[in-house]
Amino acid sequence: MSSPHVVFYRSMNLGHAGSPDRATLESALSAAGARGVKSFQTNGTVLIDAEEPLGVVAEAAKTLESAAGYTEPALVRGLGLLVDVLDSDPFDGHEDSRTYRKTFTFFDGGRPVELKLPWTNTRDDVDIVELREGLALSLIRKEKSNAGSPTAEIERLFGVPATTRTLGTIERLVKAAGRG
């Protein structure tokens, strides 16, 4: 049985060099077997319905590479996970006047890491407030023009590629999928 999933492409910026345009992205996923394909914003976030979402994404990757030279990883999560996280209000009690953004960082696997949460990086611009399998929920701060990077912190800590979306993006995505 198929279910709604979200594909989070790393370092994708639709229509720019090294990334596909929206039509190419959506048609690659559809041709690979996904239904209800809807690219959301321009950052490589896509709603799909598929029985085997990882297989669909792997098949679509061949088209994305040949058509646009895009070779970055894609991280797939069930829409239900995002709904559950939003329902749990994970950022409650963690933000303060210095909070710039609340973020979701997606990653697969990596080395085991023990962090006492909330964890703050040495630059004091990223707080990881919750870790779930393949998902870090963080607060970032911005001093002058430099904002913290939860993607860089997760990649450094776990040693695997990661990609980050803001809380607002996740909320709009869930609403667009009719679940928010």
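Helix α5, residues 167–176, lies across β1, β2 and β3, running at about 150 degrees to β2. Contact here means heavy atoms within 4.5 Å. Axes are lines fitted to C-alpha atoms, for helices over the stretch in contact, and angles run from 0 to 180 degrees between N-to-C directions. Helices (H or I, at least four residues) and strands (E, at least two) are DSSP runs, numbered from the N terminus.

Please note that this is a predicted model, in which local features need pLDDT of at least 70 and side-chain atom pairs count only at pLDDT 80 or more, while totals for chains, interfaces and linings use all residues. Residues are numbered from 1 along each chain as its sequence is written, and side-chain values use heavy atoms, with hydrogens and water left out.

Helix α1, residues 22–31, also lies across β1, β2 and β3, at about 155 degrees to β2.

The sheet itself is open, with four antiparallel strands in the order β2-β3-β1-β4; two strands pair if DSSP finds at least two bridges between them. Its edge strands are β2 and β4, each pairing on one side only. Five bridges join β1 to β4, and Tyr9 stands opposite Ala74 in β4.

How do α3 and α5 pack? Their angle is about 120 degrees, with the axes 10 Å apart. The two helices are therefore oblique to each other, since angles under 35 degrees count as roughly parallel, over 145 as roughly antiparallel, 65 to 115 as roughly perpendicular and the rest as oblique. Among the residues that meet are Leu82 in α3 and Ile170 in α5.
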